[in-house]
Amino acid sequence: MVYRLTIEYDGSGWHGWQVQAGVPTIQEALEAALATALRTRVPVTGSGRTDAGVHATGQVAHFETTGPVDPDRLMGNLNGLLPRSIAVRDIAGAHPDFHARYSAVLRSYRYRISTLPIALSRTSRVFVRPAPDIARMNQAAADLITRDDYSSFCRTSSETTNRVCAVSRAGWESAAEPGAFDFVVSADRFLHGMVRALVGTLLEIGAGKRPVDDVPRVLAARDRRVAGPAAPAYGLSLETVHYPPELLAPTSEATSADAGNAD
C-alpha cells in the first residue's frame, strides 16, 4: 500500500534531502524513524532533492508497505522519533500509482530576504544590503514566466539533459515583517540550483548591476556563467507540491483495509 507524507523541516545542519554517506540528511532520518516505527526498513521517496541548508514547509514523500497502517498513530510515532527540526505534518493513503516525484504537476518555492537587520528569522531570511529595487526585480521576474530552456540557471555539474521548465509564477511580494520580501516561484519542474540562481540574478538586477530586461538574454545564452551567483541556501524553502486529485486518494479496497486496521 502507498502512503503519502507531508513534511516540514529546518534545513540548518542537514546536508539536504538525499541520503549521502557520512553526513546527516532528511531522507535518512525519516527512513530510520520509519524503520523503528514499522519494525522494518522502508525506502522513502521525496518530491525533490533540496540542497544542504534549504528548508521545507510542504515537502511530499511516499513509502510503500505490504499491509495497511494507522496513519494517525504512525504520524505520532514518527514525530516522537524524529529530531525537532523535522516534523511530519500529515500521513494519508494514496492511489497505488502515486509517486511523490514523478506524479507532481507543480512545485512552488519561496525565497525570503530582509532589507533590515534581523535576529529571530536569521536562519530562514537573508539580510540584503543595500536594499534592492523590488519593483525593478518584479519587472524582470515577469520575463521568467515562460516555458523555456533554463540551462543558464542550472548547476554546471547537473547531469540533467532535459532543462526545459514551464514557470507559471514568479514575483516578489511583501512579507509581514517590516522590510521583508519573498520571492515566490512555481513551475512544473525545477533544475538543480535553479531557484537560488534565479534569485541571485534578480538581486543583481535590483541592485542596478544588470539591466532590467536582462532575463531573456540570460535564458537564450543557456550558459550558467551568464546568470548571477547562487543566493544563500538558507533563504530558500520548498513550499508546496501539487498532484492530480485522483492520485491523492487510495482505492476503495485500500480504504476498507485501513478502516479495518485502525486500532
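## Glu-177 and Arg-125

Glu-177 has a relative accessible area of 36% and is therefore partly exposed, a class that lies between buried (under 20% relative accessible area) and exposed (over 50%), as computed with a 1.4 Å probe on protein chains only. Its partner in a salt bridge is Arg-125, with 3.7 Å between the closest N and O atoms. This pair links distant parts of the chain, 52 residues apart, since Glu-177 sits in the loop between S8 and strand S9 (180–187) and Arg-125 in the loop between strand S5 (106–114) and strand S6 (126–127). Strands here are DSSP runs of E with at least two residues, numbered from the N terminus. Arg-125, at 5% relative accessibility, is buried.

## Basis of the values

The model is predicted, so that local features need pLDDT of at least 70 and side-chain atom pairs count only at pLDDT 80 or more, whereas totals for chains, interfaces and linings use all residues. Residues are numbered from 1 along each chain as its sequence is written, and side-chain values use heavy atoms, with hydrogens and water left out.

## The network and other pairs

A salt bridge requires a side-chain nitrogen of Lys or Arg within 4 Å of a carboxyl oxygen of Asp or Glu, and the count by this rule is 15. One network of salt bridges links Arg-110, Arg-125, Arg-169, Glu-173, Glu-177, Asp-182 and Glu-239.

Asp-214 and Arg-217 also form a salt bridge, with their closest N and O atoms 2.6 Å apart; Asp-214 is buried at 5% relative accessible area, while Arg-217 is partly exposed at 46%.

Terms used: Helix = DSSP H or I, 4+ residues; strand = E, 2+ residues; numbered from the N terminus.
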